[in-house]
Amino acid sequence: MADVVQYRLERMVNELDDFERRGLFTRREIAEIVKQRRKYEYRLKRPSPLKQDYLAYIEYETQLDLLRRLRKKSVARELKAKGNMKMKQYHSDFAGITKIIEIFLLAVTSFKGDIDLWFRYLEFCRLKRNGRMKKVKSFSFFFK
C-alpha cells in the first residue's frame, strides 16, 4: 500500500517543482500540499475507501487548482508590469485537472452504480471543457 502511495506522490514531483520555480507556491506551502495529498492517497488505498474520501480529495484538488490559477494571474500581472513577456503554458497548468479526473475515474469505478457521482464527473468535464465526456461511452458497460 505504501509503495503505491509513494509512486503516486513521486509522479507529482515535476508539477510541484514547477509551482516553486514559477513562484506560485513557497516551499512550505508545497510541503503542506504533499502532506495533504499523502493523507488523501492513504485514505483511497485502505481496504474499502468511502465515497466521501474520494469527494473530499476532489474538493481539495479543486480548491488547490483554483488557488494556482489565481496566483498564476497575479504573477502574470507582475511580469506584465515589469515589461516581461506573457507566461507560457506549463505542465502544472493542466496537472490539477488531470489529477481530479484520475480521482473521479477511481471513484466511478469503485462506485459503479452511483449515478450522482457520474453526474458530478460529467459536470466537471463539461465545466472544464475537457474531452473526457466523449470517452464516457466506454464506461457505459458499468450500468449494464
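## Ground rules

Residues are numbered from 1 along each chain as its sequence is written, and side-chain values use heavy atoms, with hydrogens and water left out. Because the model is predicted, local features need pLDDT of at least 70 and side-chain atom pairs count only at pLDDT 80 or more, while totals for chains, interfaces and linings use all residues.

## Aromatic pairs

You'll find seven aromatic pairs here. Rings of Phe, Tyr and Trp (its six-membered ring) pair if their centres lie within 6.5 Å; planes under 30 degrees apart count as stacked, over 60 as edge-to-face and the rest as tilted. Take Y40 and Y60: their ring centres are 5.6 Å apart with planes at 35°, so this pair is tilted. Y40 belongs to helix α3 (residues 27-45) and Y60 to helix α4 (residues 51-81), so the pair ties together parts that are 20 residues apart in sequence. Helices here are DSSP runs (H or I, at least four residues), numbered from the N terminus.

Y40 and Y60 are both buried, meaning under 20% relative accessible area; exposed is over 50% and partly exposed is in between (1.4 Å probe, protein chains only). Y40 also has the charged end of K39 sitting over its ring, 4.8 Å from the centre. For that label, NZ of Lys or CZ of Arg must be within 6 Å of the ring centre and within 35 degrees of the ring normal. Elsewhere, ring pairs join F104, W118, Y121 and F124 into a cluster.

## R68, a buried arginine

R68 sits in helix α4 and is buried, at 4% relative accessible area. Leaving out residues up to four places away in sequence, R68 touches F19, L24, F25, S92 and D93; contact means heavy atoms within 4.5 Å.

V34, in helix α3, is partly exposed at 24% relative accessibility. Setting aside neighbours within four places in sequence, V34 contacts L9 and L16. V34 and V13 are 21 residues apart in sequence and 9.5 Å apart in space, C-alpha to C-alpha.

Helix α1 (residues 2-10) packs on α3 at about 140°, with axes 10 Å apart. That makes α1 oblique to α3: angles under 35 degrees count as roughly parallel, over 145 as roughly antiparallel, 65 to 115 as roughly perpendicular and the rest as oblique. The axes are lines fitted to C-alpha atoms, for helices over the stretch in contact, and angles run from 0 to 180 degrees between N-to-C directions. On the α1 side the contact is made by A2, V4, V5, Q6, R8 and L9, and on the α3 side by V34, R37, R38, E41, Y42 and K45.

How values were computed. Helices (H or I, at least four residues) and strands (E, at least two) are DSSP runs, numbered from the N terminus.
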